Amino acid sequence: MTLIFEAVRRLNASFPPAPWLILVILFLPFPLLAANQYQIHLINVIFINIMLATGLNIVKGFCGQVTVGHVGLYAIGAYTSALVCIHFGVSFWIALPTAIIVTGLAGIIIGIPSFRLEGAYLALATLGLGESVRIFISATEFLGATFGISNIPYPEIGGIVFDLPSKIYYIIMPISLLGIFISVNILRSGIGRAFKAVRDDPVSAATSGVAVRKYKLIAFVFSAMYAGCAGSLYAHLVTYIHPDNFTILIMVTLLLMVVLGGLGHVGGSIIGAILVTLIYELTRPYPEYQMLVFGMAAVLIVIYMPKGIGGLIDRFLSTRKFIRLREDKADAAAD
Amino acid sequence: MLLQTEGLTKSFDGLTAIRNLDFSVAEGEIRGLIGPNGSGKSTLFNLISGIYQPDANSGRITFDGEDITDLSPHDIAARGVGRTFQLLRIFHEMTVLENLLVGHHHHVRYGILSASMGLGRVWSEERRIKERMQELLHFVGLADFAGMPASELSFGQRRMVALARAISMEPKLLMLDEPAAGLSPANVEELQTIIGLLRERRGMTIIIVEHILKVVIESCDTVTVLDHGEKIGEGTPGEIKDDHRVVEAYLGREMDDEEVRAALAE
């Protein structure tokens with residue numbers, strides 16, 4: 001096991017994307033192993049949710065800005081991509097970047113309240129913005145109102161139509177991994193450190209030379225772009241979107257992914273996204289209890305497991321490291 | 001003059017914390033700033049570093065020939081003003097090394113795009129600045145704690161992290177807010193050595209707010225005394241020690257030689 005880790009570390013140092021390319025290749029046969037299209041659909045949804053959770057983790061986990069408007073950005077991404085395709089007849093490959101850019105710009109609007117507000121107040125402001133997106137969509141004829149938008153075209157490359165979950169998987173999976181790759185790089189760099197400094201102590205971050213507002217905005221825009229990308233992928237996966245896809249319940253599940261996985265822990269938020277998506281699917285027959293269960297789970301995790309699964313993993317690893325160090329010392333003493 | 005304030009005034013809800021203050025520090029100087037609690041020392045630091053804005057039309061702050069009165073804290077930091085806080089304000093959730101790397105933020109030379117792609121030059125730049133920060137940790141005696149979360153260190157070590165974070169900015173002017181408070185006598189000695197070396201080797205100008213008079217008297221070239229937001233004395237440590245007004249303001253009443261000596265020995 002340690003040998004594998006060491007090999008990956010070396011590979012990563014010489015050519016950073018290498019381990020990620022290997023991951024993509026390892027994930028390639030997934031659709032062949034699945035029993036039916038529904039299972040692959042679920043895997044696709046998991047990858048989309050991983051993108052959403054990764055983006056939310058940047059702004060909430062690393063930059064410490066409590067935002068509840070993420071689902072609004074997700075909706076903007078999905079609707080932009082769908083409308084651009086339907087009204088301008090362009091392909092998915094133009095709609096996707098358009099959705100990312102438009103949602104990134106919307107991220108600026110969601111981010112501006114963070115200049116003056118903190119904590120619960122910021123949550124309320126972003127909640128308002130996020131919900132108003134959904135309500136605006138429900139009330140606008142052009143956006144399909146409460147009927148939604150259907151017949152969103154499937155992605156296409158040179159005549160090959162990605163019309164089945166097992167096909168579109170080959171678009172969603174690599175893009176999702178690319179998203180994780182980018183977020184890992186950003187968070188490891190000076191930009192990620194600036195985010196964490198803003199979260200830990202904005203005053204001393206500023207006197208250390210970090211432009212606090214600039215980095216808050218960067219975090220919001222980055223996370224918005226993830227939401228936009230996820231929204232676009234979702235729209236072209238299900239080909240039918242309506243305002244109910246973007247309710248506050250979805251926001252709660254998104255928050256739960258990040259909180260369960262561990263705020264500020266990239267790997268944790270991926271695990272959180274997988275678990276919460278599965279639980280959400282399993283509890284779908286009981287929609288009236290979903291909100292209750294997810295809300296209570298979030299509260300319990302915050303109280304009893306504030307660092308989430310990621311925190312548990314970190315603690316396990318550092319304990320093991322400590323034990324190994326002590327054994328090494330004992331060995332040295334014995335020699 | 002590296003730093004100069006002219007007619008600086010700051011009040012909070014009608015309470016004047018700094019009153020019409022002219023204060024200047026020459027390049028290469030180590031300046032002590034003393035005064036009783038509430039005399040405006042920390043307020044002055046907060047004004048210089050841009051956390052507070054002076055009252056409207058009440059004074060200017062010039063640094064290195066440039067008016068910095070209206071600049072935001074990060075712009076002032078970028079121009080070469082580093083500081084520590086009385087209550088440390090280090091980044092507790094980050095490692096010791098990361099704390100220093102945040103201080104070094106302005107010297108990092110890569111953009112968001114190359115960082116997001118994890119390009120090779122980002123990695124080599126990161127390696128370069130990490131080595132640099134490791135040297136700095138060695139300098140302040142924290143070399144073995146680089147990877148530890150800052151919250152797990154002892155209080156004295158955390159003070160050193162705060163100091164090292166300010167040094168990592170490579171500032172022209174370093175403002176230390178009670179750097180020796182809570183340190184053991186041995187650590188105070190070490191701190192004084194570090195302060196001396198910072199000027200000698202790195203050419204930093206330093207302002208120290210300190211209640212431990214030993215540090216002020218031994219390390220500073222000149223001392224400014226504040227009381228109720230006004231300057232009531234300035235001179236060499238020797239002159240200040242003999243100034244009755246200063247001793248009165250600082251200690252409440254006049255002391256005889258024996259008591260002064262006792263206070264210094266603390």
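How many salt bridges does the rule find across the interface of domain 1 of chain A and domain 2 of chain A? The structure is a predicted model, in which local features need pLDDT of at least 70, side-chain atom pairs count only at pLDDT 80 or more, and totals for chains, interfaces and linings use all residues. Side-chain values use heavy atoms, with hydrogens and water left out, residues are numbered from 1 along each chain as its sequence is written, and chains are lettered from A and ligands numbered from 1 in the order in which they are written.

Chain A is divided into domain 1 (1-33) and domain 2 (34-334), with bounds from an automatic or database domain assignment. The centres of these domains, taken over C-alpha atoms, are separated by 23 Å. In contact (heavy atoms within 4.5 Å) are 12 residues of domain 1 of chain A and 14 residues of domain 2 of chain A.

The two domains of chain A bury about 1100 Å² between them, 74% of it on carbon and sulfur atoms; buried area is the accessible area (1.4 Å probe) that two parts lose on being put together, summed over both. A:W20, A:F27 and A:P31 supply 49% of the area that domain 1 of chain A buries against domain 2 of chain A, more than any other three residues.

Across this interface the rule finds 0 salt bridges, a salt bridge being a side-chain nitrogen of Lys or Arg within 4 Å of a carboxyl oxygen of Asp or Glu. The side of domain 1 of chain A that touches domain 2 of chain A has 11 nonpolar, 1 polar and no charged residues, where Ala, Val, Leu, Ile, Met, Phe, Trp, Tyr, Cys and Pro count as nonpolar, Asp, Glu, Lys and Arg as charged, and the others, Gly among them, as polar.
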